[in-house]
Amino acid sequence: MTSEERDAHWMGLALDQARLAAEAGEVPVGAVVVKDGQVIATGRNAPINSQDPTAHAEVVALREAARVVGNYRLEGCSLYVTLEPCAMCSGAMLHARLDRVVYGAADARTGVAGSVLNLFSHPQLNHQTQLTSGVMAEACGQLLKDFFKPRRLNIEPLREDALRTPDSAFANLPDYPWPPHFVSDLPSIQGLRLHYLDEGSVEADVTWLCLHGNPAWSFLYRKMIPVWLAAGHRVVAPDLIGFGKSDKPKKDNFHRFDTHRQSLLELIERLDLQRVVLVVQDWGGILGLTLPMAAPDRYQGLLAMNTLLATGEAPLSPGFLAWREWCKSQPLFDVGKLFARGNREMSDLETQAYNAPFPDKGFRAALRAFPPMVPEFPDSDGAAIARQAQMFWRNEWQGQSFMAIGQKDPVLGEPVMRQLKTQIRGCPEPMVLPHAGHFVQEQGQAIAEAAVRHFRP
Ligand SMILES: [Zn+2]
């Protein structure tokens, strides 16, 4: 074995320790101490479970090694650790007089073996420990990235004024294999857990940002997402607070136009979405069409389906007013049946998937709050921002646009969409789906395929 191969071998064992740490819910960092060609001690990060701020992988491994050799001086020993050591651990290593320290991934935040500073390069502090960096750095870093993406955010506590639909409600979702992602610290909805799908590469040429409306959730996009992933694109599909796998505030009056808009803006910033094609329908558009003007450089396209810009200037459609009345008179309406009514080919499992977020009426605040929240008058919440957005789409929009209309929609159908088309600069003739209703995405595969051709970079 070459010395590189030997280093990779020992680092592989440190990585095993890091994985064990991850399984225990700890930040995945692992270490091994090697002496005379043998592992004499292992350590994995454990500050949470051991309630010990010093229980970093390196310190744990050093303690065990010192016990094994019967000496706090560890001369002749090498320590392998998956992440660049912090100040505490580096100090301990220098005290131990290790022969050599080898680390994997750099730690730009707290690493003091070259990143923030380099304790090992000070002759006054260190005169015998040799330092090697970047061994299996990619594998070591990936483990940390994988850990932080879904896990850290998944354990957030539930706010007292909110409910969380149990995971079991989502156990049998047809054609929805994608793992959940959560964010719980968006400033506008502090402490509420917002769910989103995030599939495909962050480097992709296109990111389809799919926004659902009331009473749907990201499940609505299940027929479109695979088309875009197959094209090598990225898809991000959040569930609005109150819907899907996101937390559900108990009170109707939590739901405000500005709060939802702001939470979406913050999510887009947090994920740093680039090369976005904004995909909207229903409330996805009422809110979503006001987003690109806040950061136009992030967007390259718009795919609009049965939605509107509710500026409060024109009366809402009779179909919408009827829907709003119906929701008020049927506060416990069966969400799944509503979807099935316009989409006869939907299976029972699909129908249930639309009911899944709302196990009982306590979860239904958003269903009650959204219909009356559509801006109706010039001074309604959200109307002014929608008018600003209208100016943006008319005069400033630089991206490509694509429109698909479900013709059987009595609420936001062809007349509403033809009106919207006139407000979007450069919007071509829409794709019309004569058999699609309001929830156009249920026939979304053909739309997604046409959109891929349309937005080809
Ligand atoms: Zn440390």
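The model is a predicted one: local features need pLDDT of at least 70, side-chain atom pairs count only at pLDDT 80 or more, and totals for chains, interfaces and linings use all residues. Residue numbers start from 1 along each chain, following the sequence as written. Helices (H or I, at least four residues) and strands (E, at least two) are DSSP runs, numbered from the N terminus.

Helix α1 covers residues 3-23, 21 residues in total. The expected span of a helix is 1.5 Å times one less than its number of residues. Which residues of α1 are buried? They are Asp7, Trp10, Met11, Ala14, Leu15, Gln17, Ala18 and Ala21; here, buried means that 20 or more other C-beta atoms lie within 10 Å of a residue's own, exposed means 12 or fewer, and partly exposed is in between, with C-beta atoms placed from the backbone. An α-helix has 3.6 residues a turn, so residues three or four places apart point the same way. Over on the other side of α1, Glu5 and Glu23 are exposed. Just after the helix comes Gly25, with a positive phi of about 85°.

Next up is Tyr72, found in the loop between α3 (57-69) and β3 (77-83). Tyr72 counts as partly exposed because it has 14 C-beta neighbours inside 10 Å. Leaving aside residues up to four places away in sequence, Tyr72 touches Ala66 and Ala96 (contact means C-beta atoms, placed from the backbone, within 7 Å). Tyr72 and His95 are 23 residues apart in sequence, yet 8.4 Å apart in space, C-alpha to C-alpha.

Then there is the sheet. Eight strands make an open sheet with mixed pairing, in the order β7-β8-β10-β9-β12-β13-β14-β15; two strands pair if DSSP finds at least two bridges between them. At the edges stand β7 (181-183) and β15 (431-433), each with a single partner strand, so one side of each has no neighbour in the sheet. Strands β8 (residues 194-199) and β10 (residues 234-238) run antiparallel and are joined by four bridges. Within this pair, Glu199 stands opposite Val235 in β10.

Key
Contact = placed C-beta atoms within 7 Å.
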